[in-house]
Amino acid sequence: MTQDDNRGGQPPQEPPKRGSMRFQDETTQARQPSLAEQRARQQALADQERQEALAAEAARAAEKKSSTKKKLLIGTGVTVGLVGLVATFYTVAKPENVTAVCTHDDIVDNDNNCDENYVRSHGGHVSGGFFFIPIPGGGYNSYRYNYGGSGAIGQRVSGGSYDPPSSRANVSTKSGKTVQRGGFGISGKSGSGGSGKSGGS
């Protein structure tokens, strides 16, 4: 009867195998890592530190390259800007050479009649770009410069304008007298050539 009762019950538990652990409590101490495990951990830490150092070096190199490229671009821009500025400066500063022709009623006349010193020494006067020289019997002949025109004395002037050129222009007569010395907007006098403001209508 006892045998029958044992048949329907649970089989008896096997005894625990030797060396196995079924549970841990708070008094259980951790096993110290083996020498191989310690070396593996040290190698892993060294590899991680090496990778971090390489990444930091790569980041520094990339930043330096970017900074150098930016400086190069800025330097190039500054150089191009300075070249443009210098070119503009020379373009503006370089005076234009204009020939002035003394005329009377659009006819080319002697350069002396448009020379302020000559006109004043002969009793004449200068006003508004015109040179007035007295004529026998009363009255005045008026003379003025034509800028850029051409023609021989006694001929009608060809081309040019009676408007004075910009103050940057070098203006002189065919005989070599300076009417206006150009340069940065400053007109000047030279010898018997008269004033830079004496020409024009």
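**View 1. Overall fold of the predicted chain.** The secondary structure of this predicted model comprises three helices and seven strands, and from the N terminus on these elements follow the order α-α-β-β-α-β-β-β-β-β. Of the 201 residues in the chain, 20% count as buried. Among the contacts with a separation of 6 or more, 46% are accounted for by residues 24 or more positions apart.

**View 2. Accessible surface of the chain.** The accessible surface amounts to about 14,900 Å², and carbon and sulfur atoms contribute 54% of this area.

**View 3. Asp105 in the loop between strands E1 and E2.** Asp105 lies in the loop that runs between strand E1 (97–104) and strand E2 (107–108). Its phi is near 55°, which is a positive value in a residue other than glycine. With a relative accessible area of 57%, Asp105 is exposed, because the cut-off for that class is over 50%.

**View 4. Asp106 in the loop between E1 and E2.** The loop between E1 and E2 is also the place of Asp106, whose phi, near 65°, is a positive value in a residue other than glycine.

Key. Residues are numbered from 1 along each chain as its sequence is written. This is a predicted model: local features need pLDDT of at least 70, side-chain atom pairs count only at pLDDT 80 or more; totals for chains, interfaces and linings use all residues. Side-chain values use heavy atoms; hydrogens and water are left out. Helices (H or I, at least four residues) and strands (E, at least two) are DSSP runs, numbered from the N terminus. Buried means under 20% relative accessible area, exposed over 50%, partly exposed in between (1.4 Å probe, protein chains only). Contact means heavy atoms within 4.5 Å. Accessible areas come from the Shrake-Rupley method with a 1.4 Å probe; for residues, only the protein chains shown count as cover.
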